[in-house]
Amino acid sequence: MVILIRADASVAIGTGHIMRCLALAQGLQSAGHYPIVVAAQITPNLVSRLQTLDIQLINIPHELGSLDDAQATIALARLQQTSWMIVDGYHFGAEYQRWIKSAGLNLLFFDDYQHATHYYADLVLNQNVYAHPELYANREPDTQLLLGTRYALLRPEFLQWQGWQRSPNPAANKILITMGGADPDNVTLKILQAIQHINCKLEVIVVIGGSNPHRESLQQVIQSSRHSVHLKQNVTNMPELMAWADVAIAAGGTTSWELAFMGLPTLMLILAENQRAIAEKLGELGVVVNLRWHQDVTTEAIATTLTELLSNPAKCRDMTQRSQSLVDGKGVERVLECLVN
């Protein structure tokens with residue numbers, strides 16, 4: 001079965017939409033299906049990643065979410081003789097879904113915060129911890145809802161860690177910093193400035209995406225840091241880095257479910273409105289420490305909170321247990337079952 005995946009990535013959009021679709025695409029490949037990514041905007045690093053994974057990419061030169069966009073995608077679906085489309089992006093609303101369905105195609109539609117006024121899709125997937133049916137009162141009678149972290153999509157490299165147990169480190173000092181694929185506001189720089197307030201020696205790995213435009217400024221700060229800091233870009237071994245770390249400082253995006261699966265105690269910052277509900281709910285559940293909006297928290301507060309968490313193995317152990325109870329790693333399997341059946 002050929003399945004078209006319509007999603008985009010840029011500094012402004014971020015890379016999360018395509019990255020979570022990649023988890024589904026790799027699952028489709030493993031099950032013998034043929035996923036094709038269709039994009040109007042995509043970053044060079046993701047083009048390379050798709051090539052490495054042997055996933056076909058087709059570019060379309062249209063305004064995101066427009067009628068031209070939908071018509072071009074529908075034409076591709078007919079050319080490829082596929083009956084299923086997967087659509088992920090906040091620029092795809094109710095009209096886009098209606099156009100796809102009117103063309104006779106089956107549709108899996110990603111959603112995070114009820115951004116469409118109506119849902120025409122066959123399947124609506126919201127993998128977030130706060131998802132509930134009342135968000136989708138405006139939907140077609142036969143629209144099926146896939147809600148909650150049991151549908152959290154993890155790439156194959158994470159599934160290799162199924163059953164791994166984290167042991168809290170009494171001398172915790174290893175920090176993983178990851179602010180998403182783009183980080184347009186350079187919040188990573190603020191985190192690096194914050195750890196300068198910490199006197200105990202830290203080992204730090206900073207992960208940035210290929211669309212991050214701030215590499216040079218980050219390198220300058222790292223060179224003068226009192227800690228051992230290493231900058232990594234376009235990593236493919238994220239599970240190993242999460243297993244290595246004692247604590248993460250992360251944005252509240254799709255990485256949240258990877259961190260939860262790996263049981264990594266996390267200080268979470270909100271970088272965009274679509275991350276707010278994730279950080280707030282995970283904070284309420286005791287899965288993360290919610291530092292709230294990045295522009296409202298001081299570097300001193302970040303340093304103080306990090307120091308307190310590093311010195312509290314019992315709290316870290318509790319956060320690990322709570323987080324791993326949320327994500328069992330079977331999300332891709334569950335979604336594929338709905339697609340195929």
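Glu284 and Lys281 both sit in helix H10, which covers residues 273–284. They are 3 residues apart, about one turn of the helix. Their side chains meet in a salt bridge, with N and O 3.9 Å apart. That value falls inside the cut-off, because a salt bridge needs a side-chain nitrogen of Lys or Arg within 4 Å of a carboxyl oxygen of Asp or Glu. Glu284 counts as exposed, at 61% relative accessibility. Lys281 counts as partly exposed, at 30%. Keep in mind that this whole model is predicted.

Some charged residues join up in a group. Arg49, Arg155, Glu157 and Glu258 are linked in a network of salt bridges.

The side chains of Asp69 and Arg6 meet at 2.8 Å, N to O. Asp69 lies in helix H3 and Arg6 in strand E1, so the pair ties together parts that are 63 residues apart in sequence. Is Asp69 buried or exposed? Asp69 counts as buried, because its relative accessibility is 0% and the limit for buried is under 20%. Arg6 is buried as well. Helix H3 itself runs over residues 67–79. What else does Asp69 touch, once residues up to four places away in sequence are set aside? Its contacts are Arg6, Ile60, His62, Glu63, Leu64, Phe92 and Tyr96.

Strand E1 leads us to the sheet. Here, 7 strands form an open sheet with parallel pairing. Follow the order across it: E3-E2-E1-E4-E5-E6-E7. Which strands stand at the edges? They are E3 (56–59) and E7 (144–147). Each has a single partner strand, so one side of each is left without a neighbour in the sheet. Neighbouring strands are turned by 20° against each other on average, direction ignored.

Look at one pair in detail. Strand E4 holds residues 84–88, and strand E5 holds residues 106–110. They pair in the parallel sense over 4 bridges. Ile86 stands opposite Leu108 in E5. A helix also lies across this part of the sheet. Helix H4 (residues 94–102) lies across E1 (2–7), E4 and E5. Its direction is at about 160° to E5.

Next comes the nonpolar side of the story. The largest nonpolar core has 35 residues. Which residues have the most contacts inside it? They are Ile175, Ile249, Leu269 and Leu306. Helix H6 (residues 187–195) gives the most to this core, with 6 residues. Leu306 shows what such packing looks like. Leaving out residues up to four places away in sequence, Leu306 touches Ile175, Ile195, Ile198, Val247, Ile249 and Leu267.

Turn to a tryptophan in a loop. Trp164 lies between helix H5 (156–159) and strand E8 (174–178). Trp164 counts as partly exposed, at 25% relative accessibility. Beyond its neighbours within four places in sequence, Trp164 is in contact with Ala243, Met262 and Gln324. Trp164 and Tyr90 are 74 residues apart along the chain, and their C-alpha atoms are separated by 35 Å.

Last, the cysteines. How many disulfides does a search of the whole structure find? The search finds 0. Cys21 is in no disulfide, and the nearest cysteine sulfur, that of Cys338, is 16 Å away. From the side of Cys338, the closest cysteine sulfur is in Cys21, too far for a bond. A disulfide calls for two cysteine sulfur atoms within 2.5 Å. Their surroundings can be compared with the accessibility values. Cys21 is buried, with a relative accessible area of 3%, whereas Cys338 is partly exposed, at 21%.

Technical notes
Residues are numbered from 1 along each chain as its sequence is written. This is a predicted model: local features need pLDDT of at least 70, side-chain atom pairs count only at pLDDT 80 or more; totals for chains, interfaces and linings use all residues. Side-chain values use heavy atoms; hydrogens and water are left out. Two strands pair if DSSP finds at least two bridges between them. Helices (H or I, at least four residues) and strands (E, at least two) are DSSP runs, numbered from the N terminus. Axes are lines fitted to C-alpha atoms, for helices over the stretch in contact, and angles run from 0 to 180 degrees between N-to-C directions. Contact means heavy atoms within 4.5 Å. Buried means under 20% relative accessible area, exposed over 50%, partly exposed in between (1.4 Å probe, protein chains only). A nonpolar core is a set of buried Ala, Val, Leu, Ile, Met, Phe, Trp, Tyr and Cys residues joined through side-chain atoms within 4.5 Å.
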